[in-house]
Amino acid sequence: MVDELKILEKRMANRYMEDGIWDIYLGLMAFAFGFGIVLDISYLAAIMVSVGFAFQSIAKNMITFPRIGYIKLRKAKKRGMAAVLTGVLFLGMMIFLVFMLGDENPVRYFVRDRMLFFIAVIWGGAIALAGLSFHVRRYFAYALIVFGAVMMSEWMGSLGLNLIVAGLLVMIAGLFVMMRFIRKYPITPQQN
Amino acid sequence: MPGEKSDSQAFSLSDIDRVIHTPARLLIMKILYVLDGADMVFLKDETGLTWGNLSVQVKNLEQAGYVNINKEFVENKPHTVVSLTTQGRDAFSNYRAQLKDILR
């Protein structure tokens with residue numbers, strides 16, 4: 001029965017990712033960074049990511065909650081997700097701190113020479129961890145797409161264009177997931 | 001020895017929590033056990049109960065002190081959120097342990 005409860009908990013967390021909203025948001029993030037790089041407007045990504053965050057919250061309220069209701073995940077689950085986010089932020093901070101080291105520091109050269117690899121690992125890793133945390137397999141594919149997009153720019157250049165393409169791919173996949181969700185869970189009259 | 005086991009099983013069966021021991025309430029308790037709370041829309045969808053039946057079962061659980069019913073606002077929209085109380089969580093854990101004991 002313990003295992004059955006674990007499966008049920010996984011299913012509950014997974015159900016909230018069936019709406020594709022976070023997929024679209026993940027795609028938008030990659031797209032926004034790519035767009036910002038191509039146009040050379042550094043704050044554009046920040047604006048788009050912030051607007052996207054507000055959009056996902058409104059979309060959950062308009063699309064998800066009326067269809068499958070509202071749940072609060074267990075605190076332990078939330079703590080796990082917070083730990084993942086903290087880990088990603090910590091890694092980002094570490095890279096930043098490495099760049100603050102003196103010019104002669106070999107660690108700085110090591111990181112600088114492999115900068116794209118580190119970005120690809122952190123970004124792709126964060127998406128993969130989110131997939132692991134919510135038990136959503138398609139996130140592993142997204143992680144690979146983003147990882148590939150960043151790594152390909154190591155050989156082909158044009159990081160911005162690669163991120164735009166990767167972002168569009170993830171957003172299109174997210175839209176398909178959302179359409180399936182809307183068809184699967186039509187809004188029924190509520191007594192809430 | 002086999003006689004002893006059936007005595008203990010008989011004791012466990014009579015001791016079983018009747019509030020939880022109905023399919024509808026057991027299902028509601030099981031769902032709420034793995035969450036910190038869920039609204040009525042979610043519970044209706046997950047349990048497959050009708051609005052009326054769900055309402056009655058949740059009320060029964062509330063009267064037993066196993067669940068809390070709160071009106072919460074999420075993004076300015078009201079949600080009737082049902083969550084297990086500590087007493088409800090303990091009762092469900094005991095129920096699981098008793099069932100495990102009986103089925104062993």
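How many residues of chain B are in contact with residues of chain A? Here, two residues are in contact if their C-beta atoms, placed from the backbone, lie within 7 Å. By this rule, 20 residues of chain B are in contact with 19 residues of chain A. The side of chain B that touches chain A draws two or more residues from each of helix H2 (23-33), E1, helix H3 (40-47), E3 and helix H5 (86-103) of chain B. E1(B) gives the most to this side, with 5 residues. Sorted by kind, the residues of this side of chain B comprise 9 nonpolar, 3 polar and 8 charged. In this sorting, Ala, Val, Leu, Ile, Met, Phe, Trp, Tyr, Cys and Pro count as nonpolar, Asp, Glu, Lys and Arg as charged, and the others, Gly among them, as polar.

The model is predicted, and local features need pLDDT of at least 70, side-chain atom pairs count only at pLDDT 80 or more, while totals for chains, interfaces and linings use all residues. Residues are numbered from 1 along each chain as its sequence is written, and chains are lettered from A and ligands numbered from 1 in the order in which they are written. Helices (H or I, at least four residues) and strands (E, at least two) are DSSP runs, numbered from the N terminus.

The strands also link the two chains. Strand E1 (residues 71-73) of chain A pairs with E1(B) in the antiparallel sense over 3 bridges; two strands pair if DSSP finds at least two bridges between them. In this pairing, A:Lys72 stands opposite B:Gly37.

Within chain B, strand E1 (residues 35-39) also pairs with E3(B), in the antiparallel sense over 2 bridges, and B:Asp39 stands opposite B:Val81 in E3(B). Strand E2 (residues 67-74) of chain B pairs with E3(B) in the antiparallel sense too, over 8 bridges, with B:Asn68 opposite B:Ser83.

B:His79 lies in strand E3 (residues 77-84) of chain B. B:His79 is buried because 23 C-beta neighbours lie inside 10 Å. A residue is buried if 20 or more other C-beta atoms lie within 10 Å of its own, exposed if 12 or fewer, and partly exposed in between, with C-beta atoms placed from the backbone. The C-alpha atoms of B:His79 and B:Ala38 are 9.0 Å apart, although 41 residues separate the two along the chain.

Chain A has 8 helices and 1 strand, in the order α-α-α-β-α-α-α-α-α from the N terminus. Of the 192 residues in chain A, 28% are buried.
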